[in-house]
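These are my notebook entries on a single protein chain. I set down below what I looked up, entry by entry.

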Amino acid sequence: MSRQNILTGSPWEDKMGYCRAVRIGNIIEVSGTVAIVDGENVKSDDAFAQTNNIIERIAKVLEEAGSSLNDVVRTRIFTTDITQFDNIARAHGAFFGAIKPTTGIYEISKLVSPDYLVEIEFTAIAQ
């Protein structure tokens, strides 16, 4: 089976030696992804906007891999503030309400920057 690495140009990809997603056969694994916090549309205190931003960006990555959000079978959500569960769930549900992948949400002590409240990993199986 061939391997397709999907890069997004993030400086972290070379620094850490990873790519945003890898497709082998019909399985696509997407690295933990945080929001692009711009201070206007996506703020460091807005878990809903961060979750939305992450899923919108990953939808494009999955398209590049020949897939879509419809093929997502699992998400793993990490947050530094579990009291934001309702906001995270509302954004996740807006995209996945009909798809219903398996998921987990975990509170962790920190992400790579204090601006990030949410990081999400995705697994998809392309049709």
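This is a predicted model: local features need pLDDT of at least 70, side-chain atom pairs count only at pLDDT 80 or more; totals for chains, interfaces and linings use all residues.

**Entry: a loop residue.** With those terms I looked up K43, which lies in the loop between β3 (27–34) and α2 (47–64). I then asked how exposed K43 is. Leaving aside neighbours within four places in sequence, I found K43 in contact with V37 and Q50.

**Entry: elements.** I listed three helices and six strands in the protein. Read from the N terminus, their order is β-α-β-β-α-β-α-β-β.

**Entry: overall dimensions.** I looked up the extent of the C-alpha trace, which spans about 40 × 35 × 25 Å along its principal axes. The radius of gyration is 14 Å, and a compact globule of 127 residues would have one near 14 Å, so the two agree.

**Entry: burial, surface and contacts.** I noted that 42% of the 127 residues are buried. The accessible surface comes to about 7,100 Å², and carbon and sulfur atoms account for 51% of that surface. For contacts between residues at least 6 apart in sequence, I recorded that 68% join residues at least 24 apart.

**Entry: charged pairs.** Side chains of opposite charge can pair when their charged atoms come close. How many salt bridges does a search of the whole structure find? The search returned one. I identified the partners as E121 and R76, whose side chains meet at 3.8 Å, N to O. E121 belongs to strand β6 (residues 118–125) and R76 to strand β4 (residues 72–79), so the pair ties together parts that are 45 residues apart in sequence. I also looked up the accessibility of E121: at 26% relative accessibility, E121 counts as partly exposed.

I then returned to K43 and looked up its separation from E121. The two residues are 78 apart along the chain, and I recorded 20 Å between their C-alpha atoms.

**Entry: rings.** I searched the whole structure for aromatic pairs and found one. I looked up a charge over a ring as well: the charged end of R90 sits over the ring of F48, at 4.0 Å from the ring centre.

Methods. Residues are numbered from 1 along each chain as its sequence is written. Side-chain values use heavy atoms; hydrogens and water are left out. Rings of Phe, Tyr and Trp (its six-membered ring) pair if their centres lie within 6.5 Å; planes under 30 degrees apart count as stacked, over 60 as edge-to-face and the rest as tilted. A charge sits over a ring if NZ of Lys or CZ of Arg is within 6 Å of the ring centre and within 35 degrees of the ring normal. Helices (H or I, at least four residues) and strands (E, at least two) are DSSP runs, numbered from the N terminus. The radius of gyration is taken over C-alpha atoms; the globule rule is 2.2 Å times the number of residues to the power 0.38. Buried means under 20% relative accessible area, exposed over 50%, partly exposed in between (1.4 Å probe, protein chains only). Contact means heavy atoms within 4.5 Å. Accessible areas come from the Shrake-Rupley method with a 1.4 Å probe; for residues, only the protein chains shown count as cover. A salt bridge is a side-chain nitrogen of Lys or Arg within 4 Å of a carboxyl oxygen of Asp or Glu.
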